[in-house]
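Here are my notes for your first look. Keep the structure open beside them and check each point as you go.

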Amino acid sequence: MQTSAIPGYTYGSVPRSPITLDDLAKLQEAVLFTEDDVAALRQSYDVLADQVEDILDVWYGFVASHPHLVHYFSNARTGEPDAAYLAAVRKRFGRWILDTAAANYDQAWLDYQDEIGRRHHRSAKNTTDHVDSVPNISFRYLPAFIYPITATLKPFLAKKGHSAEEVERMHQAWLKSVILQVALWSRPYVKEGDY
Ligand code: HEM
């Protein structure tokens with residue numbers, strides 16, 4: 001997938017994260033994330049690469065079927081879902097699946113996590129797609145989403161003939177990675193000095 005073909009996907013050219021790579025390593029230890037998880041995520045890359053659109057259909061279907069969730073993609077004036085906004089974010093979401101599976105925990109990755117956090121938070125939501133949507137995603141839904149996102153992924157991980165044990169290993173790695181990312185994305189929501 002060409003990164004330049006995805007509007008607003010600015011991985012590699014965003015401000016530096018205030019979190020250091022050392023902080024990241026400690027957070028990885030806190031979530032029991034190891035090199036085995038890196039290997040399992042990379043194994044999931046080939047499993048998921050040709051299923052990205054099907055996964056997005058499930059995740060977007062979940063959001064679309066709950067008015068209080070699709071609300072965050074709505075036009076602030078009309079209250080109607082903004083189809084162009086949904087479509088633009090969907091492309092970056094697809095790329096995020098591949099980036100998560102690629103599991104390259106370097107400075108560029110860390111920097112982009114802070115950017116994704118800001119894009120959910122009022123400090124940068126709506127700016128990437130130049131939309132007039134609601135200003136902020138309520139924080140409580142970020143950790144809550146870890147469950148539907150990872151639970152619905154499991155059947156896709158199981159679709160390419162891997163053993164139950166391998167599927168479980170990939171699934172656990174995904175769970176840890178998404179928890180780790182949501183922990184990083186929480187930074188702009190937390191009061192200065194408390195993060
Ligand atoms: C585990 C939790 C979540 C994950 C993994 C996730 C994933 C993502 C990703 C990958 C993007 C695109 C980032 C980019 O611009 O490159 C994104 C943007 C977005 N997400 Fe989430 N998200 C989560 C929680 C939520 C929740 C709870 C909502 C509310 C329904 C939500 C609504 C949005 C919106 C509106 C955007 C676009 C923000 C903007 O740039 O204006 N997300 N999300």
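Predicted model: local features only at pLDDT ≥ 70, side-chain atom pairs only at ≥ 80, totals over all residues.

1. Next, look at which residues of α9 are buried. Among them are Val167, Met170, Trp174, Leu180 and Trp185. Arg169, Ser177 and Gln181 are buried too. The cover over the buried residues of α9 includes α1, α2, α5, α6, α7 and α8.

2. Is leucine 27 buried, exposed or partly exposed? It has 15 other C-beta atoms within 10 Å. A buried residue needs 20 or more, and an exposed one has 12 or fewer. Leucine 27 is therefore partly exposed.

3. Leaving out residues up to four places away in sequence, leucine 27 touches Leu180 and Ala183. Alanine 183 is 156 residues away along the chain, yet the two C-alpha atoms are separated by 8.5 Å.

4. Turn to the ligand. Which of the 25 residues around the ligand come nearest? They are Arg92, Trp96, Arg119, Tyr141 and Phe145. Helices α5, α6, α7 and α9 each give two or more residues to this shell. The largest share, five residues, comes from α7.

5. Finally, check the make-up of the shell around the ligand. It divides into 17 nonpolar residues, four polar and four charged.

Methods:
Residues numbered from 1 in each chain as written. Near = placed C-beta within 6 Å. Helix = DSSP H or I, 4+ residues; strand = E, 2+ residues; numbered from the N terminus. Nonpolar A, V, L, I, M, F, W, Y, C, P; charged D, E, K, R; others polar. Contact = placed C-beta atoms within 7 Å.
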